[in-house]
Amino acid sequence: MSDLLDVITNLAKRRGFVFPSSEIYGGLASTWDYGPVGVELKRNVKEQWWRSMVQCRDDVVGLDAAILMAPDVWEASGHLATFTDPLVDCTVCKRRFRADQLDDRDCPNNKKGCEFTEAREFNLMFKTFLGPVEDDTHVVYLRPETAQGIFVNFPNVVTTSRRKPPFGIAQIGKSFRNEITPGKFTFRTREFEQMEMEFFVPPEQAGEWFEYWVEERRRWYVELGMKPERLRIRPHEQDELSHYSSETVDVEYEFPWGWGELEGIANRGDYDLRQHGEHSGKDLSYYDQPNERRYLPHVIEPAAGCDRATLAFLMDAYDEEEVRGEKRVVLRLDHRLAPVKIAVLPLSKNPDLVPVARKIADDLRQLTMVDYDETQAIGRRYRRQDELGTPFAVTVDFETLEDQAVTIRERDSMVQVRVPISAVGEELGRRLQA
Ligand code: GAP
């Protein structure tokens, strides 16, 4: 399946997972919109992350900080000075490339040896203006990471949540980077969503918490059904480390084009709290009363990309098999991630079947995401639901009118069982939780 990227891009468009942004105007480069089922899948990814990182833990709390922040934040964090990529221009086609991504002196566009300009550093932050005056004193930036909103709120959260290190602050939200070479569908875009958590610890505990979070985060992907053999942990080389990090590993997934980063786990030391303390003049240290000592907590940061995780779950779940001489495409998504959990399908548009099926769908909607579909032959409707990854289909047929029972079909095995209408909700609720 070397063309899996094309297959997934087509499936995503055809079934309503992901559309090219502004498509009726010819699209906007590397910008994507999540459609009716894609938004559900992505919401489920975020919900599972929040559940595992915040809801089910006593030592992590949430935050939702603004995208626009005081420009001093980016001065202090080092992003204004160092959040750059080396950029070169091809003197023939005038296209721009990242100097560190050119394998040799061949232009990726012209496919031949070309002259390139000298590399210069290009800051990846998007700039805009606060208010109506467009001058240097009104410049603000769209945040390139959600992390800084967490660091600058550290004292607010400590005071209001009564947490003490080791504890974490988690946040999900949009980030923006003016990437020179975006691409590979939703893998690298200029607008994307991050799921980041900053875990503040006493300095001497940083090493053990780093190990803990690497394993914990790998486990999260596997528990949600990602194939372990397509995941690996890759430590950064010394020259790869970000300006703030003393140690980083990436959780990588084997995409059709090779290994790609899903998430980075970094030991940021006390870099951020120290920088913000110095630049703001506010004391961001923590006073450990029982031990009568004051210190700047060190930070372990698991930073994941929501769009990348969503893409990896989608690709990992994709499967093709032959059923009675025909190709069946099925997304074997974990039930918790599946955009639609139950499809309710009357055998036909027969006026006796439709109201019964609609009533079942309306009742099940109280429980979970349901898709009601009465168009086309039943076989084609099963295929459509398989391509959406819907774990269960409930079929209402003419026997239903006699025995008040329906057929439940399971996505992966295609096994069908007959269940009384009165027990459908309980039966599916139980199976979806299993
Ligand atoms: N606060 C640390 C930080 O932002 P990062 O490794 O630059 O670290 C974290 O970003 C995650 O955000 C990455 O592992 C990736 O999943 C996602 N990400 C970063 N840049 C992205 C882009 N241009 N498009 C999509 N996702 C991106």
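## A buried charged group

E301 and R268 form a salt bridge, with their closest N and O atoms 2.8 Å apart. A salt bridge here is a side-chain nitrogen of Lys or Arg within 4 Å of a carboxyl oxygen of Asp or Glu. The pair links distant parts of the chain: E301 sits in strand β16 (residues 298-305) and R268 in strand β13 (residues 258-269), 33 residues apart. Helices (H or I, at least four residues) and strands (E, at least two) are DSSP runs, numbered from the N terminus.

Both E301 and R268 are buried. Buried means under 20% relative accessible area, exposed means over 50%, and partly exposed lies in between (1.4 Å probe, protein chains only). R268 has a relative accessibility of 1%. R268 also forms a salt bridge with D272, where the closest N and O atoms are 2.8 Å apart. D272 counts as buried too, at 2% relative accessibility.

## About the model

This is a predicted model, in which local features need pLDDT of at least 70, side-chain atom pairs count only at pLDDT 80 or more, and totals for chains, interfaces and linings use all residues. Residues are numbered from 1 along each chain as its sequence is written, and side-chain values use heavy atoms, with hydrogens and water left out.

## The chain as a whole

The chain has 434 residues, and 50% of them count as buried. It contains 13 helices and 23 strands. Along its principal axes, the C-alpha trace spans about 75 × 65 × 50 Å.

Contact means heavy atoms within 4.5 Å. Take the contacts between residues at least 6 apart in sequence: 64% of these join residues at least 24 apart. The salt bridge count comes to 48.

## Two domains

The domain assignment gives domain 1 (4-70 + 143-314) and domain 2 (340-433). Such bounds come from an automatic or database domain assignment. Domain 1 is written in two segments, 4-70 and 143-314. The centres of the two domains, taken over C-alpha atoms, are 37 Å apart.

## Where the domains meet

Seven residues of domain 1 are in contact with six residues of domain 2. The size of an interface is often given as the accessible area lost when the parts come together. Buried area here is the accessible area (1.4 Å probe) that two parts lose on being put together, summed over both. Between domain 1 and domain 2 it is about 570 Å², and carbon and sulfur atoms give 55% of that. On the domain 1 side, R15, V37 and E40 lose the most area to domain 2. Together they account for 64% of what that side buries.

Two salt bridges are counted between domain 1 and domain 2. There are also two residue pairs in polar contact, both at pLDDT 80 or more. A polar contact is a pair of N or O atoms within 3.5 Å; within protein, one must be able to donate a hydrogen and the other to accept it, and residues adjacent in sequence count only if both atoms are side-chain atoms. Helices α1 (4-15) and α2 (36-55) are the elements that give two or more residues to the side of domain 1 that touches domain 2. The residues of that side divide into three nonpolar, one polar and three charged. In this grouping, Ala, Val, Leu, Ile, Met, Phe, Trp, Tyr, Cys and Pro count as nonpolar, Asp, Glu, Lys and Arg as charged, and the others, Gly among them, as polar.

## The R15 and E387 pair

E387 forms a salt bridge with R15, with the closest N and O atoms 2.7 Å apart. E387 lies in helix α11 (residues 378-388) and R15 in helix α1, so the pair ties together parts that are 372 residues apart in sequence. E387 is buried, with a relative accessible area of 10%. R15 is partly exposed, at 24%.

H276 lies in helix α8 (residues 271-280). H276 is buried, with a relative accessible area of 6%. A polar contact of 2.7 Å joins the side chains of H276 and Q148. Leaving aside neighbours within four places in sequence, H276 is in contact with V73, A76, S77, Q148, F151, V152, G281 and L284.

D288 is placed in strand β14 (residues 286-288). D288 is buried as well, with a relative accessible area of 12%. Not counting residues up to four places away in sequence, D288 touches R293 and Y295.
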